[in-house]
Amino acid sequence: MVGRQKSVENNTHIPKGIIMITLNNISRSFIGDEVETVAIDDMSLTIKKGEFLSILGPSGCGKSTLLNVLGMLDHIDQGQFTFLKTNVGQSTESQRAQLRKQHIGFIFQSFNLIDELTVEQNIELPLYYHKVAKAERKRLVDEVLHRVDIAHRRNHLPAKLSGGQQQRVAIARAIVTQPDLILADEPTGNLDSKNSIQIMELLQQLNQEGSTIVMVTHAPEHVNYGTRVIELLDGNICKDNQISSQIELTTAEVSCA
Ligand SMILES: Nc1ncnc2c1ncn2[C@@H]1O[C@H](COP(=O)(O)OP(=O)(O)OP(=O)(O)O)[C@@H](O)[C@H]1O
Ligand SMILES: [Mg+2]
């Protein structure tokens, strides 16, 4: 695997340690036929550039909802969400799309690759949206193909790949634009332990090179690849612990009781 060279034009090189995300007392509910489900309940959270934050918690506690909110794929009902000084609640759809495009890469549990496109074409797709020139697209795609160790499968369709290989392609697609923030919802959820370790090591390496990572996981052992872990219960944070002293955190520790 090779290291990254910075080259996508709108990568902003935000300095490590500055606040990227602030959630102030946010809530998100889903109204069903008869009941209202409170997925996020008055949550506050600060995430700094350079953190690798793991999110743990039982099924239904709001982990994916939180990730979708952070990625501006879902809205909040109450509170304030600030992303790099933008008040997301007061932004327009096109401003949010721009923020997503410029700063965020997604990795989903179910890979979400496009079946009809080859590995190479799947990875290249975000670069079209960034209007990167053809020669530069080829260079960037080659670089990440080698980085995630999938270059030998570049012309295959996703269906011809193993789960671990598909997830590596999904990671390549998420990082090819060199995003400041990588959001990963159970990135190893469909993988065996050998492939999981490979993915976790790759995420850790990306974090050490400067990417901020927010990862939902069901595997408590995976939090050790990160710098901080929060635990959710009933739509709120019940524990907030630093894993290592890589960066200074000011968030208070709370405990589930
Ligand atoms: N689109 C939706 N419509 C209605 N209810 C929803 C919707 N999305 C989430 N919910 C509800 O909100 C709560 C939180 O869901 P969420 O998907 O965030 O949980 P999770 O912690 O990611 O769970 P899991 O570990 O099973 O993935 C759940 O009770 C869920 O049923
Ligand atoms: Mg989920």
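Mentor: The protein has six helices and ten strands, where helices (H or I, at least four residues) and strands (E, at least two) are DSSP runs numbered from the N terminus. This is a predicted model, in which local features need pLDDT of at least 70 and side-chain atom pairs count only at pLDDT 80 or more, while totals for chains, interfaces and linings use all residues. Residues are numbered from 1 along each chain as its sequence is written, and chains are lettered from A and ligands numbered from 1 in the order in which they are written.

Trainee: What percentage of the 257 residues of the protein count as buried?
Mentor: We go by C-beta atoms placed from the backbone: a residue is buried if 20 or more others lie within 10 Å of its own, exposed if 12 or fewer, and partly exposed in between. For the protein's 257 residues, the buried part comes to 42%.

Trainee: What share of the contacts with a separation of 6 or more joins residues 24 or more positions apart?
Mentor: Two residues are in contact if their C-beta atoms, placed from the backbone, lie within 7 Å. Among contacts in the protein with a separation of 6 or more, the share from residues 24 or more positions apart is 68%.

Trainee: Why is helix α1 said to be largely enclosed by the rest of the structure?
Mentor: Helix α1 covers residues 63–70. Its buried residues are K63, T65, L66, L67, V69 and L70. α1 is largely enclosed because the buried residues number six of the eight.

Trainee: Which element supplies the largest share of the shell around ligand 1?
Mentor: The shell consists of F30, T37, A39, G57, S59, G60, C61, G62, K63, S64 and T65, taking a residue as near if its C-beta atom, placed from the backbone, lies within 6 Å of the molecule. Both β2 (36–48) and α1 supply at least two residues of this shell. The largest share is three residues, and the element is α1.

Trainee: How many residues of the shell around ligand 1 are polar?
Mentor: Here Ala, Val, Leu, Ile, Met, Phe, Trp, Tyr, Cys and Pro count as nonpolar, Asp, Glu, Lys and Arg as charged, and the others, Gly among them, as polar. The shell around ligand 1 has three nonpolar residues and one charged, and its polar residues number seven.

Trainee: How are α3 and α5 oriented to each other?
Mentor: Two packed helices are described by the angle between their axes and the distance between the axes. Axes are lines fitted to C-alpha atoms, for helices over the stretch in contact, and angles run from 0 to 180 degrees between N-to-C directions. The axes of α3 (residues 119–129) and α5 (residues 163–175) come within 7 Å and cross at roughly 25°. Angles under 35 degrees count as roughly parallel, over 145 as roughly antiparallel, 65 to 115 as roughly perpendicular and the rest as oblique, so α3 and α5 are roughly parallel.

Trainee: And how do α3 and α4 lie to each other?
Mentor: α3 meets helix α4 (residues 134–147) with axes that come within 10 Å and cross at roughly 125°. In this contact, E120, I123, E124 and L127 in α3 meet R137, L140, V141, V144 and L145 in α4. By class, the residues are six nonpolar, no polar and three charged. The orientation of α3 and α4 is therefore oblique.

Trainee: Which residues of α6 meet α5?
Mentor: The axes of α5 and α6 come within 10 Å and cross at roughly 15°. That makes α5 roughly parallel to α6. From α5, the residues in contact are G163, G164, Q167, I171 and I175, and they meet, in α6, N195, Q198, I199, L202 and L206.

Trainee: Is E186 buried or exposed?
Mentor: E186 lies in the loop between β7 (181–185) and α6 (193–208). Its phi is near 50°, a positive value in a residue other than glycine. Because E186 has 21 C-beta neighbours inside 10 Å, it counts as buried.

Trainee: Which residues is Q78 in contact with, leaving aside its neighbours within four places in sequence?
Mentor: Q78 is in strand β4 (residues 78–83). It counts as partly exposed, with 14 C-beta neighbours inside 10 Å. Beyond those neighbours within four places, the contacts of Q78 are N25, I26 and S27.
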